[in-house]
Amino acid sequence: MSSLEIKHLFGLRGVSKHDIRLILDHAKQFREILERPVKKVPSLRGMTVVNLFFENSTRTRTSFELAEKRLSADTVNFASSNSSVKKGETLVDTLRNIEAMKIDIVVVRHKGTGVPKFLADNSNAIIVNAGDGAHEHPTQALLDMLTVEEKLGTLEGKNVTIIGDIRHSRVARSNLWGMTTMGAHVTLCGPSTLVPRNTDLMNHVTWEPDVKKAVANADAIIALRLQKERMDDALLPSMREYRNTFGITQELLDCAKDKVIIMHPGPINRGVELDSDIADGEHSVILDQVTNGVAVRMAVLFLLAGGRNNENA
Amino acid sequence: MKMRSLSDISNVVLKNAMFWNGQKFEPRDEVCLHVLNGIVPRDESFVRGDEFDCKGALVIPALFGLGLDFMEPLRDDVYKYSDGIDAMRKGGFYGGLYESSANPIDDADKLTATANRFKMFNTIVGEFEVKFLGAYSKGFGTDSLAEMMELAEAGVVGFGDGNAAIPHSRFLRLAMEYGKMTGKRFFFQPMDKTLRKSGCVHEGAYSDMLGMKGIPRIAETVAAYTVLETARFLQVPVHFKQVTCGETLELIRSARKKGIDVTCDVGLYHLLLDDSCLETLDSAYHILPPIRSAADRDALWQGIVDGTVDAISVNHTPVLRQDTVVNFEDSVPGALSLEIALPAIWNKLVSKVGEARAIELLSTAPARLASAAPAQNNIVVFAPDRPHVVVESDFAGHVCNSPLMGKTLPSSILATYINSVWTEM
């Protein structure tokens, strides 16, 4: 089957191995196209995509916008800071107004869990989740998976360790669903105030409080961005202690495999979750992630749009 | 819905009904509502009237609702006191304990104004047995005490918190210390606001899986313990509204052993649902205090069975449609329940505790907690084995916020006879 089972992309929990495989395989093709002198394909010509961002975003929105333009879609950006939302318009009214402008695909980021599903329930557009609260950020996880496959050949049987603020991380949640579906073993590690307190429904992954043990068998390590607000909220005493306990330093890297790859969803707090020399060092694949982000988002948009003009891809 | 007041009709005669006699249901071929209502028949023609064939349905005492809040004066174009009264009649409630969270009854004038609004509608349809909780602080704040002595004299049956989190410990002590002079009970929804913070769902496996901000059980137990210790110290009677977890029930059991006068209720939806409903991300399940885990729900049922729980509350809270048609975390919490409470819970309740205790939990005990009169001749004609699909038109007013919308309830209300008004559904 060469089409997706899902109609929208809300998250990776419950998404089949078939669908993830299809997205990653298409992303690999788009990755090749991105290396060509002419990087544009006509796959979404005539379609309109709106990037509906209710939260600040630079790289994810840019990545989506670039993916949409590479697919020849018409793109509209809609940020809550300069929209009617500020004037009290409800979410569903905002969507219906945008939809009335004959939009085909909505890429949405919002602070609320489940907003993409809510929008899908209330519109006819194809909805792509670009991050909803601490719930999911599926395209980030897909680009992480693509990067692991690109660098390590496969996800099957690989050990992926995610370190940091797991509790508030939509990236971690999407990765733990997606990567385990694809056969990777995921280990999660972070300060006790920043990991979920109830893991009964996420017991297919390993929770390891000792960071050295967490990285010992890792083939890939994903360091999560630490929000400064966590200190204000008394979840952590200081950036310094966090860096010394959970930061990816050379000392910690010495405990890992020689060929481990280091990933980060960005933007990096250099010297906090990741030391500068590691971020820029030989193990780092962070810029590959950024490139893969465009390819993955092209694949998602292309496949959800129904694979139209497939021959042009 | 067909509604007729006693003055509009000659009479209604119920045929083939199973009447509750105070101990059990017994078959009655024919019961005249006039006679039930204490009106002495003048002659045979007076007794005869429209017949209503109950077809073996149960006739049970009408219910008393703990936790009424019709949200006036927020949007009286959407939901009015009269809608609330309609909801009570539809659901078979002859009365209820009203506590406005939007408009705190913190002085005697406000009590009079609120009571008058009820009376204004009641004059049309008879007198519902509505009792009021006063606020123990001005505006449910933590700076100034409400005029509790005057409120008590004006008729409040107790003092409440408007379902806000409990205040800081010094203010709590002062409020209870002052309010003790009234001899009234304090009604708290035990919630520590710092532990709740911005939580909107039960902190558990589902909230963590979905990345939603949770409210831990200790937000309830810490608050409950603080209240109980203050109640023990001051010898003031307290009531806990909508207990959600077994740990709080354990605190209550322990407190009673120490001689603390503490009563409690559990909410309808907390007995019917568990937090697996969060997977739907449907804002209809946004209820505060939050729907907790299946283990908590089972512990509440255990509390019902062993008698720790005094009553089942309805916590009827209309929410404007535009406040529910949003994503879960941005929606306004609350659920309607008056119209569907009985058919939603009767069968399960009876299977756990039997018919007599079920009636006690839904009618007699809530009325007693609110110092209200018993149901007397107000009745509900109820078919426990006739399923009913919940639809918008089941609800009064221009709202329909219920997690049971579209669901099939195992039972149906066929008719109610409340305050001399016969209503067929």
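Me: At what angle do the axes of helix 5 of chain A and helix 12 of chain A cross?
Reply: In this predicted model, the contact between the two helices includes A:Leu143, A:Leu146 and A:Thr147 on helix 5 of chain A, which meet residues such as A:Asn292, A:Val296 and A:Val300 on helix 12 of chain A. By class, this contact has six nonpolar, six polar and five charged residues, and the crossing is right-handed. The axes of helix 5 and helix 12 of chain A come within 8 Å, and the angle at which they cross is roughly 115 degrees.

Me: Which element gives the largest share of the lining of the largest cavity?
Reply: The largest cavity holds about 130 Å³ of space and is lined by 13 residues, with A:Arg59, A:Gln140, A:Leu143, A:Pro265 and A:Val290 nearest its centre. Helix 2 (59-70), helix 5 (138-152) and helix 12 (286-304) of chain A are the elements that give two or more residues to this lining. The largest share, five residues, comes from helix 12 of chain A.

Me: How many residues in the lining of the largest cavity are polar?
Reply: The lining of the largest cavity comprises 13 residues, and these are divided by class into nonpolar, polar and charged. Four of them are nonpolar and two are charged, while the number that are polar is seven.

Me: Why does the salt bridge of B:Glu279 and A:Arg13 join two chains?
Reply: The side chains of B:Glu279 and A:Arg13 meet in a salt bridge at 2.7 Å, N to O. B:Glu279 lies in the loop between helix 11 and helix 12 of chain B, whereas A:Arg13 lies in the segment before helix 1 (17-34) of chain A, so the pair joins two chains, with one partner in chain B and the other in chain A.

Me: What is the volume of the second largest pocket?
Reply: The second largest pocket is lined by 40 residues, and those nearest its centre are B:Asn163, B:Gln189, B:Gln242, B:Leu288 and B:Thr317. Strand 6 (63-68), helix 7 (193-196), strand 14 (262-267) and helix 11 (268-272) of chain B are the elements that give two or more residues to this lining. By class, the lining has 20 nonpolar, 14 polar and six charged residues, and the volume of the second largest pocket is about 640 Å³.

Me: Where does B:Pro289 lie?
Reply: Most peptide bonds are trans. The bond from B:Leu288 to B:Pro289, however, is cis, with omega near -10 degrees, and B:Leu288 is one of the residues nearest the centre of the second largest pocket. As for B:Pro289, its place is in the loop between helix 11 and helix 12 of chain B.

Me: What is the phi of A:Ser72?
Reply: Most residues other than glycine have a negative phi. A:Ser72, which lies in the loop between helix 2 and strand 2 (74-79) of chain A, is not a glycine, and yet its phi is positive, at about 70 degrees.

Key. Residues are numbered from 1 along each chain as its sequence is written. Chains are lettered from A and ligands numbered from 1 in the order in which they are written. This is a predicted model: local features need pLDDT of at least 70, side-chain atom pairs count only at pLDDT 80 or more; totals for chains, interfaces and linings use all residues. Side-chain values use heavy atoms; hydrogens and water are left out. On a 1 Å grid over the protein atoms alone, a cavity is a set of points where a 1.4 Å probe fits but cannot get out, and a pocket is an open set with protein on both sides within 12 Å along at least five of seven lines; lining residues have an atom within 4 Å of a point. Grid points are joined across faces, edges and corners, and a volume is the space filled by probe spheres set on the points. Helices (H or I, at least four residues) and strands (E, at least two) are DSSP runs, numbered from the N terminus. Ala, Val, Leu, Ile, Met, Phe, Trp, Tyr, Cys and Pro count as nonpolar, Asp, Glu, Lys and Arg as charged, and the others, Gly among them, as polar. A salt bridge is a side-chain nitrogen of Lys or Arg within 4 Å of a carboxyl oxygen of Asp or Glu. Axes are lines fitted to C-alpha atoms, for helices over the stretch in contact, and angles run from 0 to 180 degrees between N-to-C directions. A crossing is left-handed if the near helix is turned anticlockwise from the far one by less than a right angle, and right-handed if clockwise. Contact means heavy atoms within 4.5 Å.
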